[in-house]
Amino acid sequence: MNTHLRDLYSHVSVHATADREHEAVIELLLLVMIADRHISGEELDEIRSISDDSGWESSTFSFDQYLGPAMAKVRAAVADHSTDALLDDIDMRVTSTVLRQSLFSAARDVAGVDHDIAPEEESLLGQVAVRFD
C-alpha cells in the first residue's frame, strides 16, 4: 500500500463524507484486529499504515486522534455482542465504491499481518467480503 493506493483514494469521497467514511474504515479494521480478543502491535501498525498510505490525514481527520474513540466504540460493540449493528453502521457510512471494494483487502492485511488468522478473524473476513464486495 503506497502511492498507488493514495492515487486510488484521492478525490474518492466528497469532503463532506470523507471523514465519516475514514472513521468507519478505522472502526472496521479495529474490529478485525480485536475479533480474536488479541491486540497486536503489528496489526495496529498495519491499520495506521493503511490510513497513512491512503492519504486520509487532513485538517479534519487524524488517525491518532480518532483511534481512542474508535477503539472504545469497537470494544463496546464486541462486549455487547452487537458487532452486526456496528457492521450495519459502517456499511451505511462507507458510500464510496472504490473504498468499499478495498475494504476486504485492507481487513485481510490487518488479520494476516501477524501471520496467524484466528477463526474469529476468518469469520469476520467472510462477513466483510459479503457486505462490501
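Student: What does Asp89 form a salt bridge with, and how far apart are the closest N and O atoms?
Tutor: Asp89 pairs with Lys73, and the closest N and O atoms are 3.3 Å apart. A salt bridge here is a side-chain nitrogen of Lys or Arg within 4 Å of a carboxyl oxygen of Asp or Glu.
Student: Where do the two sit in the chain?
Tutor: Asp89 is in helix 5 and Lys73 in helix 4 (residues 63-79), 16 residues apart, so the pair links distant parts of the chain. Helices are DSSP runs of H or I, at least four residues, numbered from the N terminus.
Student: Before we go on, what sort of model is this?
Tutor: It's a predicted model: local features need pLDDT of at least 70, and side-chain atom pairs count only at pLDDT 80 or more, while totals for chains, interfaces and linings use all residues. Residues are numbered from 1 along each chain as its sequence is written, and side-chain values use heavy atoms, with hydrogens and water left out.
Student: OK. How accessible is Asp89? And Lys73?
Tutor: Asp89 has a relative accessible area of 25% and Lys73 has 33%. Both count as partly exposed, the class between buried (under 20% relative accessible area) and exposed (over 50%), with a 1.4 Å probe and protein chains only.
Student: Which residues are in a network with those two?
Tutor: Salt bridges with shared partners join Asp89 and Lys73 with Glu27 and Arg93.
Student: What's the N to O distance for Arg93 and Glu27?
Tutor: Their closest N and O atoms are 2.3 Å apart.
Student: Are Arg93 and Glu27 buried or exposed?
Tutor: Both are buried.
Student: How many salt bridges are there in the whole structure?
Tutor: A search finds 8. Another one of them joins Asp91 and Arg131, at 3.6 Å from N to O.
Student: What is Glu43 in contact with, then?
Tutor: Leaving aside neighbours within four places in sequence, its contacts (heavy atoms within 4.5 Å) include Met33, His38, Asp114 and Glu121.
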